[in-house]
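The model is predicted.

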Amino acid sequence: MMHDPPHPSEVLRGWLAELGLSVTDAARHLGVSRVMLSRILNGHASITADMDVRLSQALGTSAGFWLRMQTARDLWEASEKARQRAPIARLSQPVAA
């Protein structure tokens with residue numbers, strides 16, 4: 001059973017706070033709009049491959065670090081939704097002729 005992994009925004013907010021960076025300053029440094037970074041930080045947008053590369057370069061994390069965190073969150077949310085709907089039956093394999 002999967003646990004409830006954090007949205008990458010929770011980790012990123014803490015990281016930016018430790019660095020003393022405002023959203024505006026961080027967005028400028030990353031070369032993205034303040035609105036885009038704000039949407040990520042508030043959990044309204046997902047980390048993209050491009051943002052992963054930008055964050056990895058700026059924060060010294062490995063490539064894929066932020067995407068793996070986003071994927072874990074997305075999979076958990078999808079699993080929770082799947083529990084709320086009727087199960088999907090497994091497709092059977094075609095019979096060879």
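## Aromatic cluster

Phe-65 has a relative accessibility of 28%, so Phe-65 counts as partly exposed. Ring pairs join Phe-65 with Trp-15 and Trp-66 in a cluster, and the count of aromatic pairs is 2.

Trp-15 is partly exposed, at 26% relative accessibility, whereas Trp-66 is buried, with a relative accessible area of 0%. Phe-65 and Trp-66 form an edge-to-face pair, at 5.0 Å centre to centre and with 85° between the planes.

## Buried side of α4

Helix α4 spans residues 49-59, and its buried residues are Met-51, Asp-52, Leu-55, Ser-56 and Leu-59. These residues lie on the same side of α4 because they cover an arc of only 135° around the axis. In general, an α-helix has 3.6 residues a turn, so residues three or four places apart point the same way.

The cover over the buried residues of α4 includes α1 (8-19), α2 (23-30), α3 (34-41) and α5 (65-83).

## After α4

Which residue just after α4 takes a positive phi? Gly-60 does, with a phi of about 75°.

Conventions
Residues are numbered from 1 along each chain as its sequence is written. This is a predicted model: local features need pLDDT of at least 70, side-chain atom pairs count only at pLDDT 80 or more; totals for chains, interfaces and linings use all residues. Side-chain values use heavy atoms; hydrogens and water are left out. Buried means under 20% relative accessible area, exposed over 50%, partly exposed in between (1.4 Å probe, protein chains only). Helices (H or I, at least four residues) and strands (E, at least two) are DSSP runs, numbered from the N terminus. The arc is that of the directions from the helix axis to the C-beta atoms. Contact means heavy atoms within 4.5 Å. Rings of Phe, Tyr and Trp (its six-membered ring) pair if their centres lie within 6.5 Å; planes under 30 degrees apart count as stacked, over 60 as edge-to-face and the rest as tilted.
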